[in-house]
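Thanks for asking me to look through this one with you. Here are my notes, in the form of a few numbered points.

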Amino acid sequence: MTRTRRAAAFLGAVALLSAVATAPAAGQSLFDRLRQAASVARTLLPISTEKEIEIGRGIAATIAGRFPVSTDAGLTRYVNLVGLTVASQAPRGDITYRFAVLETPIVNAYAAPGGYIFITKGSLDLIRSEAELAGVLAHEVGHVNRRHVIEQIRKSDTMREVKNTLDLQGFVLDRVVGTGANALFTGLSRGDEMEADSLGLEYASSAGYDPGGLAAFIGRLDQHAGEGPVSEFFATHPKPNERVDRLNSIARREGLPGGVMLADRYRATVGH
Ligand SMILES: [Zn+2]
């Protein structure tokens with residue numbers, strides 16, 4: 001996508017968002033409501049960004065211990081390019097996003113706190129365009145932006161014993177990292193997944209990608225239901241057809257403009 005095109009798409013999104021921001025409360029945009037919920041959540045969270053990043057690094061190490069991280073520099077650079085493009089549309093400026101590919105046929109993606117995001121080779125093999133990749137990565141960026149794993153940790157038994165976040169070190173930090181990694185591997189709540197879908201749609205669309213990317217990928221997964229590599233995804237996420245219907249209706253309701261798919265660039269770079 002050219003810089004001009006991306007800038008135009010971005011300005012379009014800004015215009016869209018300012019239009020909904022001035023709308024009366026009754027007709028409030030979904031994205032506005034999400035932003036309000038975020039500011040409330042922030043005031044309740046006692047875990048600093050610095051600690052979040054430290055916890056995230058530990059969880060990232062746990063994920064990288066479970067699956068080997070791809071050493072394909074070209075592929076990793078491409079996934080980072082797409083990931084950073086959608087992350088640039090997310091509001092948090094206090095974290096740096098990093099994207100990595102995991103060498104496993106399992107179809108999934110994981111967002112550790114602090115901006116450490118992983119997508120599996122199994123997912124990349126099923127993805128058919130850059131807009132789909134952007135949608136999946138933007139969904140993960142949504143989890144990080146809304147601190148979903150940190151929120152799980154905050155509510156955990158381990159945290160109940162911690163009086164001060166400065167105490168989050170040594171074996172207490174290890175336990176907290178274990179709680180977070182477990183939340184990622186067993187699945188976040190349905191509400192968190194739906195919120196990440198809405199945010200992913202917003203970020204990918206604002207970045208200039210076609211808003212149908214994430215729904216197209218989730219819809220394709222449905223065709224592979226019952227196959228081994230997708231079983232983890234099905235066990236850890238809400239029903240694909242429900243998510244697709246919801247994503248499509250949000251895109252319609254918010255009047256999201258069409259964007260680029262970049263199927264050729266995806267095929268040329270990822271190679272299938
Ligand atoms: Zn998710």
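The points below go from the whole chain to the sheet, and then to the helices.

1. **The chain as a whole.** Please keep in mind that this is a predicted model. The chain holds 14 helices and three strands. Of its 272 residues, 41% count as buried. If we take contacts between residues at least 6 apart in sequence, 74% of them join residues at least 24 apart.

2. **The sheet.** In what order do the three strands of the sheet lie? The order is β1-β3-β2, in an open sheet with mixed pairing. β1 and β2 are the edge strands, and each has a single partner, so one side of each has no neighbour in the sheet. On average, neighbouring strands here are turned by 20° against each other, direction ignored.

3. **Pairing along β3.** The strand β3 covers residues 116-120. With β1 (residues 98-102), β3 pairs in the parallel sense over five bridges, and Val 101 has Ile 119 as its bridge partner in β3. With β2 (residues 109-112), the pairing is antiparallel and runs over four bridges. On that side, Ala 109 is bridged to Ile 119 of β3, while Ala 111 has Ile 117 as its partner.

4. **The hairpin.** β2 and β3 form a hairpin with three residues between the strands.

5. **How β3 is covered.** Is β3 mostly covered or mostly open? The strand is mostly covered, with five of its five residues buried. Both faces take part: Tyr 116, Phe 118 and Thr 120 are buried on one side, and Ile 117 and Ile 119 on the other. Helix α3 (residues 49-66) lies across β2 and β3, and runs at about 155° to β2.

6. **α4 against α6.** In general, two packed helices are described by the angle between their axes and the distance between the axes. For α4 (residues 73-87) and α6 (residues 130-145), the axes come within 9 Å and cross at roughly 60°. This angle makes α4 oblique to α6, and the crossing is right-handed. On the α4 side, the contact is made by Val 82, Gly 83, Thr 85, Val 86 and Ala 87. Facing them in α6 are Glu 130, Leu 133, Ala 134, Leu 137, Ala 138 and Val 141. By class, this contact has eight nonpolar, two polar and one charged residues.

7. **Gly 135.** Another residue of helix α6 that deserves a look is Gly 135. Why does Gly 135 count as buried? It does so because 30 other C-beta atoms lie within 10 Å, where the cut-off for a buried residue is 20 or more. Leaving aside neighbours within four places in sequence, Gly 135 is in contact with Gly 200, Ala 204, Gly 213, Leu 214 and Phe 217. Gly 135 and Glu 202 are 67 residues apart in sequence, yet their C-alpha atoms are 9.3 Å apart in space.

8. **α10 against α13.** Helix α10 (residues 190-206) packs on helix α13 (residues 240-253) at an angle of about 40°, with the axes 10 Å apart. That angle makes α10 oblique to α13, and the crossing of α10 and α13 is right-handed. From α10, the contact takes in Met 194, Asp 197, Ser 198 and Leu 201. From α13 come Arg 243, Arg 246, Leu 247, Ile 250 and Ala 251. By class, the contact has five nonpolar, one polar and three charged residues.

9. **The buried side of α11.** Which residues of helix α11 (residues 213-223) are buried? They are Gly 213, Leu 214, Ala 215, Phe 217, Ile 218 and Leu 221. These buried residues pack against α5 (121-126), α6, α10, α12 (231-236) and α13. Among them, Gly 213, Leu 214 and Phe 217 have come up already, as contacts of Gly 135.

How values were computed:
Residues numbered from 1 in each chain as written. Predicted model: local features only at pLDDT ≥ 70, side-chain atom pairs only at ≥ 80, totals over all residues. Helix = DSSP H or I, 4+ residues; strand = E, 2+ residues; numbered from the N terminus. Buried ≥ 20, exposed ≤ 12 C-beta atoms within 10 Å, placed from the backbone. Contact = placed C-beta atoms within 7 Å. Axes fitted to C-alpha atoms, helices over the stretch in contact; angles between N-to-C directions. Parallel < 35°, antiparallel > 145°, perpendicular 65-115°, else oblique. Left-handed = near helix turned anticlockwise from the far one by under 90°. Nonpolar A, V, L, I, M, F, W, Y, C, P; charged D, E, K, R; others polar. Pairing = 2+ DSSP bridges.
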